[in-house]
Amino acid sequence: MLEPYRYLRPTTLQEASEMLCLQGAMALAGGTDLLVEMRERKRKPPVMVDLKHLTGLRGIEHNQANIRLGALTTVTDVLEDSRLTARLPALKQAAEVFACCEIRHRATLGGNVANASPGAEFTVPLVALDAAVEIWGPEGPRAMTLSNFLLGPGQTDLETGEFVTGLSIPLTPDMRCAYRRKARTRGMDLAAVSLAVVAHGASRPEERRICLSMGAVERVPPRPSRVEAMLSGVRLTRELTAHAGQALIEPLAPRASSLRASPTYKKAVLPVLLRRLLEELDLMEA
Amino acid sequence: MLEIKINGRDYRFDPDEPRTLLQLLREEAGLTGTKHGCGNGECGVCTVLLDGVATRSCLVLAQEAHGCEVITIEGLAGPEGELDPVQQAFVDTGAVQCGFCAPGMIMAVHGLLRRHPHPTRDQVAAATSGHLCRCTGYEDVFEAVALAVEEK
């Protein structure tokens, strides 16, 4: 059923990076996407480098200026950290709809971003949250924004021998965030379309900055800067929000071949999600 | 060698054979109580405890389990074959119909009770919602978990 592979289990970053330089090597974390692709023969990695035994890559660090998520942090780890879910409810909302209990125990945040799926549950809020990706490779550590890291479906900026070690999310004063998706069922399914909203300086409209991202509409979750500008620094009325909703979908051309939702559906839903999330975050004028 | 403790017993397997933990359990350890359903992590029938955590064994390479402890449905009953409280509760409430989802469902409940010994209804729903039961016996599963918690 599975093609032959060599299974390797590094214990240091250096060793992991050397192993990932082997011809055709692939990093393995939770494996919840990779094993499905191997079974379907979409991927036939001759070398599997299991990163789960690297120390220090699992856990959630709460700092003054940021929150750092180790790459091996699982979806369940997110749900069980009440300080994290209180500070960044968007991540809780993503975790709650993520697959099923057993997959949440195993799937990692590093894997979710490195897999670079256009509708990945965590990638969408993390892009809106200005998250940075921390990378280790033959040249040592480096970091870049998640937006720049994601290049297309399944494509990232990772070079040979490199792997994700963590994500860091900058914290700003008076920050609020929310994530919502539509799927075909309320049970286990991938997002048909999703939206994340982040507000910095949320309670003072004049100084407020709104950040957005969407899932399953473009090759990577985009940052619609024009719409963000429309919604930032102003009092949010129903008219303005409706206008921004139209501006949000106007440049979008989701692929018609999606199994989960038609382009028409996605474009009809996004303005509604935008209004609902702004309401839920208590950012709308009465 | 690939060393895995399964249901309290130490096993050694070929370290190079490409296969999932599910295949190893069924075909090499002969433990066919763990079922093979979709093979894609979507149905839940292959659920086992891996180091105490409910895990879909079809989404784990056999090699990933090296040095780990696995508990399958065969590992729950006592030495005389007496059912464990969760199994007994499934029988008593009739939460088993055709029975194909039961091994995965029971292991999922064990995983839940290790984390939350007194789960809320929402927690039971979250732990079992990824388990497909086509006899639609879900309500009985809630009753079984409530009974198992009482009996434990």
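In this predicted model, E285(A) is partly exposed, at 33% relative accessibility. Its salt-bridge partner is R235(A), with N and O 3.4 Å apart. R235(A) lies in the loop between α10 (225-231) and α11 (238-249) of chain A, and E285(A) in the segment after α12 (263-280) of chain A, so the pair ties together parts that are 50 residues apart in sequence. R235(A) is also partly exposed, at 49% relative accessibility.

A further salt bridge within chain A links E228(A) and R223(A), whose closest N and O atoms are 2.6 Å apart. Here E228(A) counts as buried, at 10% relative accessibility. R223(A) is partly exposed, with a relative accessible area of 24%.

Salt bridges also cross between chains. E102(A) pairs with R56(B), and the closest N and O atoms are 2.6 Å apart. E102(A) belongs to helix α6 (residues 101-106) of chain A and R56(B) to strand β4 (residues 53-56) of chain B, so this pair joins two chains. E102(A) is buried, with a relative accessible area of 2%. R56(B) is buried, with a relative accessible area of 2%. A network of salt bridges links D50(A), K52(A), R106(A) and E64(B). Over all chains, the whole structure holds 30 salt bridges.

The largest nonpolar core has 57 residues. Within this core, L88(A), L91(A), F122(A) and L126(A) touch the most other members. Beyond its neighbours within four places in sequence, L126(A) contacts L91(A), V113(A), A131(A), L146(A), L167(A) and I169(A). A second, separate core comprises 29 residues, including A54(B), A102(B), M107(B) and F142(B).

Note on methods
Residues numbered from 1 in each chain as written. Chains lettered and ligands numbered in written order. Predicted model: local features only at pLDDT ≥ 70, side-chain atom pairs only at ≥ 80, totals over all residues. Heavy atoms only, no water. Core = buried A, V, L, I, M, F, W, Y, C linked by side-chain atoms within 4.5 Å. Buried < 20%, exposed > 50% of the residue type's maximum accessible area, 1.4 Å probe, protein only. Contact = heavy atoms within 4.5 Å. Salt bridge = Lys/Arg side-chain N within 4 Å of Asp/Glu carboxyl O. Helix = DSSP H or I, 4+ residues; strand = E, 2+ residues; numbered from the N terminus.
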